[in-house]
Amino acid sequence: MRKIKMIAAAFVAAVMLTGCALTLPVNATGLTIGEKVGTAKATGYLGILFFDADASIQTAAKNGGITRISTVDLKQTSLLNLIVTYETIVTGQ
């Protein structure tokens, strides 16, 4: 019985410490990929609570000093859906 409890505790600890990250291309233009990269991030708690979060393409471009956007990627990171981070990554000139 003690071994089962140890295995269950190890399994729960492993699940609690895991996370998932996924990066997807959202958009691309015909412009050549520039040297500048801009990011904007929004972090949410419990899947619904976002405080002062702005992960828009416009904010990411502004943060990178980009006026001509080449590509837009969206990165989502989740820790058991308790803490979710959305990051917009913009490249351009």
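Let me start with Ile 57, which, once neighbours within four places in sequence are left aside, is in contact with Ile 69, Val 72, Thr 88 and Val 90, where contact means heavy atoms within 4.5 Å. Ile 57 sits in helix α2, and at 38% relative accessibility this residue counts as partly exposed; the cut-offs are under 20% relative accessible area for buried, over 50% for exposed, and partly exposed in between, with a 1.4 Å probe and protein chains only. Between the C-alpha atoms of Ile 57 and Ala 8, which are 49 residues apart along the chain, the separation is 43 Å.

Before I go on, please keep in mind that this is a predicted model, in which local features need pLDDT of at least 70 and side-chain atom pairs count only at pLDDT 80 or more, while totals for chains, interfaces and linings use all residues. Residues are numbered from 1 along each chain as its sequence is written, and side-chain values use heavy atoms, with hydrogens and water left out.

Now to the overall plan. The protein has 2 helices and 5 strands, and, read from the N terminus, these elements come in the order α-β-β-β-α-β-β. The radius of gyration of the protein is 18 Å, well over the 12 Å that the globule rule gives for 93 residues, so the protein is more spread out than a compact globule; that radius is taken over C-alpha atoms, and the rule is 2.2 Å times the number of residues to the power 0.38. Helices here are DSSP runs of H or I with at least four residues, strands are runs of E with at least two, and both are numbered from the N terminus. Along its principal axes the C-alpha trace spans about 65 × 25 × 15 Å, and buried residues make up 24% of the 93 residues.

In what order do the strands of the open sheet lie? The order is β1-β4-β5-β2-β3, with antiparallel pairing, and two strands are said to pair if DSSP finds at least two bridges between them. The edge strands, each pairing on one side only, are β1, residues 20-28, and β3, residues 49-50.

Cys 20 is found in β1 and, not counting residues up to four places away in sequence, touches Gln 76, Thr 77 and Ser 78. The C-alpha atoms of Cys 20 and Met 1, although 19 residues apart along the chain, are separated by 32 Å. Asn 27, for its part, stands opposite Val 72 in β4.

Strand β4, residues 69-79, then pairs with β5, residues 83-92, in the antiparallel sense over 10 bridges. Which residues of β5 are the partners here? Val 72 has Val 90 as its bridge partner in β5, Gln 76 has Tyr 86, and Ser 78 has Val 84. The hairpin of these two strands has 3 residues between them, and there Leu 80 takes a positive phi near 55°.

On to β5 and β2, which run antiparallel and are joined by 10 bridges; one of the pairs puts Val 37 with its bridge partner Thr 91 in β5. Since 8 of the 10 residues of β5 are buried, this strand is largely enclosed by the rest of the structure.

What lies over the sheet? Helix α2, residues 57-64, lies across β2 (36-45), β4 and β5, running at about 135° to β2, an angle taken on a scale from 0 to 180 degrees between N-to-C directions, with axes fitted to C-alpha atoms and, for helices, over the stretch in contact. In α2, Thr 59, Ala 60, Ala 61 and Gly 64 are buried, and what covers the buried residues of this helix includes β2, β4 and β5. Just after α2, Gly 65 takes a positive phi of about 65°.

I will finish with the largest nonpolar core, whose 6 residues are Ala 40, Ala 60, Ala 61, Ile 66, Val 72 and Val 90. Such a core is a set of buried Ala, Val, Leu, Ile, Met, Phe, Trp, Tyr and Cys residues joined through side-chain atoms within 4.5 Å.
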